[in-house]
Amino acid sequence: MMDKKNKSTLFDKELLKRYSKPGPRYTSYPTAPMFSEEIGPDDFRNEISKTNDASEPANLSLYFHIPFCDTLCYFCACNMMITHDDDKKERYLGYLKKEIDMIAELTENDRKVSQMHWGGGTPSYLPPSQIVSLGKYIRESFTFDDDAEVSVEIDPRGLTREHLEAFKEIGFNRISMGVQDFDPDVQKAINRIQPEDMTIQVVDWCRELGFESINLDLIYGLPHQSVEKFSKTIKSVIDIKPERIATFNYAHVPWMKKHQTLIKEEWLPSTDEKLKLLNLVIDEFTSAGYEFIGMDHFAFPDDEIVIAQNNGTLHRNFQGYTTKKGCDLVAMGITGISEVGDIYAQNVKTLEEYYEVIDNGELATFKGYKLSKEDKLRKEIIMQLMCHFYLNKTSFGEVNDLIFDEHFSDALEAMEPMEKDGLLEMTDESITVLPVGRLLIRNITMSFDEYLTDKKEKKFSKTI
Ligand SMILES: C[S@@+](CC[C@H](N)C(=O)[O-])C[C@H]1O[C@@H](n2cnc3c(N)ncnc32)[C@H](O)[C@@H]1O
Ligand code: SF4
């Protein structure tokens, strides 16, 4: 476990610059480029059956992908599509309900749901009546734990109090809100006009309606951002006092997301400026009383996510950090990725394909990955380091009946330069990520990734 001292993050600009390179965020291991069409609906169905038959079947974490948005944010790297047609949304929800029927039938009734998340796209871009209708359908199809964590991604633009009332009515207790940056020049360049007052109004409504936790998303590295201007956004966010803050590193991947070419490279902050922005973010939020969890996330010290990090129970999945370790994650809707038993399974990506497979009474899985014994070991190590910045090699070796330093000699060799650079401390017993290495956790964990090749690495966004 980590003591308070090691939780501080030391900012070393030269080191960060030197280590900045493309790398995965490890919401899964192996990562999505390793998924193949060898895994299909039958594998997914069999894996669900297998997990049902376990002596104590894991609880479920449900994810629903709502891909629709009103306008295109030029920076966006999410799986989304623009539409202004409520009938198109209605049709999608009809098919989603058919997928829910299939999944509910497969996962047995006594498997409780301890977590649900709606992501996108923009789930709050559904009209309130559709939100309630989908929510009720899900509640009738699955059995929820009384204290289930139920969260949704919303966009304050175009949102009304009725939307929030609809989410409340169907049991949502956590709200995650896109902000990105309050600066008008930045907002213009990213095609996302969202006045500060609008965000504050929506936060006020959330609090009046009694949502337990509010998260705000920011991005650093956007066009025209500067330390001076971004510090104003940060101050405004601190005044709003959200329970959690995500400050994402802008992933500029125009080779994957063509619309990002609408952001001219010369508008982007230089590497130096971007590092200053990162430094500012960490300084300001930690000075305001937030804890830096790692990988861009901040929360107050009494937040369950910080408590989970301190007591070693934090976990990471496709939605990022979570306190609900050990759930089987079942994703529904286009592009959704499930993590059940030893399998990752991703749904088809287009509406046409989705409607076709569902019409054929088939699950929507089109590719995935089955983890080998070795993959599972490496996944556990990567996730432990990402969540706790610490790994006890001795107990890991004992539990898994192996000699750690021999079994993972490739990774230890890859980490040698990082140890010399002070990113981590390696003893016979453990690996501890040192303060200066916390921002480079992606680089450190990449040492355990057996599948990274230069070609694959280039597909990812930069680690810093
Ligand atoms: C699905 S959106 C959140 C909900 C809603 N669509 C919105 O934008 O308000 C998820 C979040 O991903 C982040 N995001 C999207 N594209 C990104 C990129 N290229 N780099 C870093 N973060 C990105 C944004 O912070 C965004 O709020
Ligand atoms: S950032 Fe959110 S609102 Fe903007 S296009 Fe992406 S998913 Fe839609």
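Strand E4 (112-120), strand E6 (174-180) and strand E7 (213-220) each give at least two residues to the shell around ligand 1. I noted that I am working from a predicted model.

The shell holds 16 residues, and Ala77, Asp155, Gly178, Asp217 and Phe248 come nearest. I then sorted the shell of ligand 1 by class. I found eight nonpolar, five polar and three charged residues.

I moved on to ligand 2. Which residues stand around ligand 2? I wrote down Cys69, Leu72, Cys73, Cys76, Cys78, Met80, Gly120, Gly121, Thr122, Asp155 and Gly178. Among them are the cysteines Cys69, Cys73, Cys76 and Cys78. By class, I have six nonpolar, four polar and one charged residues for the shell of ligand 2.

I put the two lists side by side.

Then I stepped back to the whole chain. I looked up its secondary structure and got 17 helices and 19 strands. I also took its dimensions. Along the principal axes, the C-alpha atoms fill a box of roughly 60 × 55 × 40 Å.

How does the radius of gyration sit against that of a compact globule? A compact globule of 464 residues would have a radius near 23 Å, and the protein chain has 22 Å, so the two agree.

I checked burial as well. Of the 464 residues, 44% count as buried. I then turned to contacts between residues at least 6 apart in sequence. Of these contacts, 75% join residues at least 24 apart.

My last stop was the division into domains. Domain 1 is made of two stretches, 1-29 and 372-464, while domain 2 runs over 30-330. Between their centres, taken over C-alpha atoms, I read 26 Å. The contact between the domains takes 25 residues from domain 1 and 24 residues from domain 2.

Which helices supply at least two residues each to the side of domain 1 that touches domain 2? I found helix H1 (13-19) and helix H12 (373-388). H12 gives the most to that side, with five residues.

Conventions
Residues numbered from 1 in each chain as written. Chains lettered and ligands numbered in written order. Predicted model: local features only at pLDDT ≥ 70, side-chain atom pairs only at ≥ 80, totals over all residues. Near = placed C-beta within 6 Å. Nonpolar A, V, L, I, M, F, W, Y, C, P; charged D, E, K, R; others polar. Helix = DSSP H or I, 4+ residues; strand = E, 2+ residues; numbered from the N terminus. Rg over C-alpha atoms; globule rule 2.2 N^0.38 Å. Buried ≥ 20, exposed ≤ 12 C-beta atoms within 10 Å, placed from the backbone. Contact = placed C-beta atoms within 7 Å. Domains from an automatic or database assignment.
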